[in-house]
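Here is a short report on a ligand shell and a sheet. Please keep the structure in view while reading.

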Amino acid sequence: MDLKFIRNILWPEYPKLPNTRIASYDELLPDGLTMGTLYIGRQGTGKTSSLARHLVDYFKAYPDRAIFVLDWSGSITDSIFSLIARERNFESLCGRIIYDELGSPDWIIPMPEFSHLYGVHYEEQSQRLALNLAKLAPELIKDAPFLAGLGLREIAPQLFRLITAVSNDQRETWQATEAKRLLTDEKLLRLVLGKYGNKVPEAKWFFENIFLQVKFSERELRSYALLAMLGTIEPPETRARIGSPRPGWTPREAIKNGKMVLVNGARLINQRNTQHYLFTQVYSLIMSEMNKRQPGSLIDKPVALVMDEVYSLLSIPGMAEEIGMLAPLYRSRKLELYIVLQALSQLALVLKQQIWSLGNVVSFGISNFEEAYQLAQQIFVYDPNNIKMSAKSETGQPVMEPDRGQYLQIANSIQRFTHRECIIRRYSSERVLDKNVLWVKKTKEMSNAPLYMSILDMKDILLRERGIKVSEALKVINQRRIKVEKVSLPQI
Ligand SMILES: Nc1ncnc2c1ncn2[C@@H]1O[C@H](COP(=O)(O)OP(=O)(O)OP(=O)(O)O)[C@@H](O)[C@H]1O
Ligand SMILES: [Mg+2]
C-alpha cells in the first residue's frame, strides 16, 4: 500500500513538498538565529507581520539582548508598535525601546558622525565616515568624473580628521555639517589649521602642502564629489541630526541595556540619497561596536540586526558586498542578521551570490519562477525516492522523478502559495539543522485586541524622550564659529 496515498486521503492538505512537516505556526528557534535569517516573498504576503511578531516575542523573552531594526518603509516599525501597544506591560516594554525617526520635521534624534560617546578613537570615526562615502559615491554621484572620485578618497579622510580636532572644552568636536564650509572657505580653513592643526599633523601637512598649493579651479574639481556627497545631509532635519554633538543613542548603550532600536526611514522615501547616507551611517556605527567584540567570547550577548528591504544596504554594491559576508563572519561575534526581501532581484549581484549563506529561510509565495526554482534547490535536498507514478503491476518499476522535475514541482508550489502561507528551513542551533522543512498554512494571527495606547502617541513620546527640536539644534549648528584669538596664520 502506498503510504503517500493513505496520507493524501487522511490529510488532503498535507504539503506535497518532500521532507516537510506541518507546523501550526511560524517560529524560529533562538539558538539557531546566529545562522542568519532570510525572509522572502512577494509584496503583501505577510513577511513583515511574521517577523515583527517573532521579534516582539524574542524581545520579551530576552530582556538583556539588543535588537536593531533598520526599516526602509516604516511598516515593521508600525507592526512592532501595534504588538507592543497591546501588551498589558506596554510601559515597561516601551522603556526598552529607542525610536529613531529619520527626517522627522520637528523633533529629531541627534546622531553626529563624531562623538567620544561611541567609545572609539576619532581617527577610527573619521575613517569610518570617509569609507562610507567612498562606498556610497558611485550611487550618489553617478556623473562624477574620475578625478573627482579620486579627490574624494584623498581629501575626505584628512578633512574629517581635521574636523574632529576642532573641539571646545566639553569634548565636543565640530561635525560633518561643517565640512563643506571648511572646504570652500579658505580663510576659515587656514584659521582652523593654525589653531587645531597640530593635533592632527598628517591632515595639517596634507592641507598645507598639497590641497592649498594647487590652483583654486583644480581644488574645486577635486573636491566636487565630496561636496556633492555632503549635499545629502543638507535638508534641515538631517543637518540637525548630523550636526548636533551628542548622540541621542549609541549602539554601545543599546547593547549594554538590551534595547530595541527602531530606525524608521519612511519619511525619507522621496529623499533617496539622504536615506542611503543615514542608513549607512547607523549600520556602520552598529558594526563598529560589533568589531570591538572578541570572536567566540562567552560574555557577549547576541545582538539582532534586522534589515527590512533596506535598499541602501542591499542594492548598492559597495554596501551589499559587506552585508553578504556578515552572517558567516560575525557568527562568532553573536550577530543575528535578518534580511527581508520581496525578490532576489532586489539584491546587488555580489549579495545575490552570497545570500544563501543565511541559514534560516522563511519563504512566502515567490512570483518569479527562476527565483522559486533557485529557492527550491537551496532548501530541499534531492529525494531519490520521490515517485512520480506508482508501478502499473506488481513487477513493474515505478517511474522516478529526476531532480529537475522534482525542483520544478516544488518551484510551482512555492509560486502558488496563498497569502500568509510559508515554508521554513531553520536551525535549532549553530550545528543542528532541523530535520524537516516546516510548512505553515497560515502565519499566526495578529491580535486585534484593543490598544492600551495609540501608536502615534507612543512614537511621539519616545521621539521626544531622546530627541531635540530641529529649530533649536539648527540655531546651535549655524552659530558654530572659531573663536579668533591671536592666531598665527600658517605661512604658506
Ligand atoms: N499574521 C497576520 N495576521 C493578520 N493579518 C496579517 C498577518 N500577516 C499579514 N497580514 C495582513 O497582510 C498585510 C500584508 O502583510 P505584511 O505587511 O506583513 O506583508 P509583507 O510581505 O511584509 O509586504 P511587503 O512586501 O509589502 O512589505 C498586512 O497589512 C495585514 O493586513
Ligand atoms: Mg514588509
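Ligand 1 is surrounded by 15 residues, counting those whose C-beta atom, placed from the backbone, lies within 6 Å of the molecule. The closest are Gly46, Lys47, Thr48, Ser49 and Met446. Helix H2 (residues 47-61) gives the largest share of this shell, three residues. Helices (H or I, at least four residues) and strands (E, at least two) are DSSP runs, numbered from the N terminus.

This is a predicted model: local features need pLDDT of at least 70, side-chain atom pairs count only at pLDDT 80 or more, and totals for chains, interfaces and linings use all residues. Residues are numbered from 1 along each chain as its sequence is written, while chains are lettered from A and ligands numbered from 1 in the order in which they are written.

Next, the sheet. Ten strands form an open sheet with mixed pairing, in the order S1-S13-S12-S9-S2-S8-S7-S3-S6-S4. Two strands pair if DSSP finds at least two bridges between them. Strand S1 (20-22) and S4 are the edge strands, and each pairs on one side only.

Two of the pairings are listed here.

| Strands | Bridges | Direction |
|---|---|---|
| S4 and S6 (residues 260-264) | five bridges | parallel |
| S2 (residues 37-40) and S8 (residues 335-341) | four bridges | parallel |

Ile97 stands opposite Met260 in S6. Tyr39 stands opposite Val340 in S8.

Why is S4 largely enclosed by the rest of the structure? Five of the five residues of this strand (residues 97-101) are buried, so S4 is largely enclosed. Buried means that 20 or more other C-beta atoms, placed from the backbone, lie within 10 Å of the residue's own. Both faces are covered: Ile97, Tyr99 and Glu101 on one side, Ile98 and Asp100 on the other.

Methods. A residue is buried if 20 or more other C-beta atoms lie within 10 Å of its own, exposed if 12 or fewer, and partly exposed in between; C-beta atoms are placed from the backbone.
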